[in-house]
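Student: I have a structure to look at and would like to learn how to read it. Could you guide me through its features, giving the general idea and then the case at hand?

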Amino acid sequence: MALAAAYPLLAHAASARESGVLAAFAGADIALILLLPSLARGRMRAWALLACIALAAAWLARTAYALVPLLLVPVLFVGLVAWAFARTLRLGRVPLISRIVSALEAKDPAQLEPDIAAYTRRLTGVWAALLSALALVNLALALLAVPRGLLATFGVVTPWPVGENLWSWCANGATYGLVGGLMVAEFLYRSRRFPDRYHGPLDFARRMAALG
């Protein structure tokens, strides 16, 4: 959780200061988040991969392309999560949130009440749509940012230039703020729509954490 909280701060500081060193630390932070379970198990392959990433980040920090990975991280991360939601909406699949609710209630997804099943399917669609839109917005801003956006970095004249500060606030602040805001708003709405299912947000968070 500390590593996840540190990334947007490091990424925004790297963009605001145009610092390759801070960009390298932000990239290493992401690598640690992804590799932490394997590192904790003492897997040598994970430690070797982390060492390679650290060396690559140190080299990249000294080049003109140091901020390029930071431009792509919000797009790839949010896009992958959007895909994780959207792929479960295909015919014959169980929507992701339906699976989560059935796990919370220790029952088969087919046993969910019809109104709960319909609500969780729609909510899965809402998350897929919101995250897809955020990924596209982040991609557009990453392409158009100046002076170190994707187009500008590779020598392409940007037709609609966007300041890097605007990109950074959207990618490292507004994106996570919108996600967190939807989580809170949806929980409040769900608490009224389906009362007595959870004993407050802390109980819900505890049960979610227990799923692993």
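Tutor: Let us begin with the contacts of the whole chain, keeping in mind that this is a predicted model. Among contacts between residues at least 6 apart in sequence, 58% join residues that are at least 24 apart. Of the 212 residues of the chain, 34% count as buried, and the C-alpha trace spans about 55 × 45 × 35 Å along its principal axes.

Student: Which elements does the chain have, and how do they run from the N terminus on?

Tutor: There are nine helices and two strands in the chain, and their order from the N terminus on is α-α-α-α-α-α-β-α-β-α-α.

Student: How should I read the packing of two helices?

Tutor: Two packed helices are described by the angle between their axes and by the distance between those axes. Take helix H2, residues 20-40, and helix H3, residues 44-60, whose axes come within 10 Å and cross at roughly 175 degrees. Since angles over 145 degrees count as roughly antiparallel, H2 and H3 are therefore roughly antiparallel to each other.

Student: Which residues of H2 and H3 make the contact?

Tutor: From H2 come Ala-24, Ala-31, Leu-32, Leu-35, Ser-38 and Leu-39, while H3 contributes Ala-46, Trp-47, Leu-49, Leu-50, Ile-53 and Ala-57. Sorted by class, the contact of H2 with H3 has eleven nonpolar residues, one polar residue and no charged residues.

Student: At what angle do the axes of H4 and H6 cross?

Tutor: The axes of helix H4, residues 68-86, and helix H6, residues 114-144, cross at roughly 160 degrees and come within 8 Å. H4 and H6 are therefore roughly antiparallel to each other, and H4 passes H6 in a left-handed crossing. Among the residues of H4 that meet H6 are Leu-71, Pro-74, Val-75, Val-78 and Phe-85, and those on the H6 side include Trp-127, Leu-131, Leu-134 and Leu-139. By class, the contact of H4 with H6 has 15 nonpolar, four polar and no charged residues.

Student: Are Arg-190 and Glu-186 buried or exposed?

Tutor: A residue is called buried under 20% relative accessible area, so Arg-190, at 12%, is buried, and Glu-186, at 9%, counts as buried too.

Student: What does the pair in helix H9 look like?

Tutor: Asp-203 and Arg-206 both lie in helix H9, residues 201-210, three residues apart, which is about one turn of the helix. The closest N and O atoms of their salt bridge are 2.7 Å apart. Asp-203 is buried, with a relative accessible area of 13%, whereas Arg-206 is exposed, with a value of 53%.

Student: Which residue forms a salt bridge with Lys-107?

Tutor: Lys-107 forms a salt bridge with Glu-105, and the closest N and O atoms are 3.5 Å apart. Lys-107 itself counts as partly exposed, at 26% relative accessibility.

Conventions:
Residues are numbered from 1 along each chain as its sequence is written. This is a predicted model: local features need pLDDT of at least 70, side-chain atom pairs count only at pLDDT 80 or more; totals for chains, interfaces and linings use all residues. Side-chain values use heavy atoms; hydrogens and water are left out. Axes are lines fitted to C-alpha atoms, for helices over the stretch in contact, and angles run from 0 to 180 degrees between N-to-C directions. Helices (H or I, at least four residues) and strands (E, at least two) are DSSP runs, numbered from the N terminus. Angles under 35 degrees count as roughly parallel, over 145 as roughly antiparallel, 65 to 115 as roughly perpendicular and the rest as oblique. A crossing is left-handed if the near helix is turned anticlockwise from the far one by less than a right angle, and right-handed if clockwise. Contact means heavy atoms within 4.5 Å. Ala, Val, Leu, Ile, Met, Phe, Trp, Tyr, Cys and Pro count as nonpolar, Asp, Glu, Lys and Arg as charged, and the others, Gly among them, as polar. A salt bridge is a side-chain nitrogen of Lys or Arg within 4 Å of a carboxyl oxygen of Asp or Glu. Buried means under 20% relative accessible area, exposed over 50%, partly exposed in between (1.4 Å probe, protein chains only).
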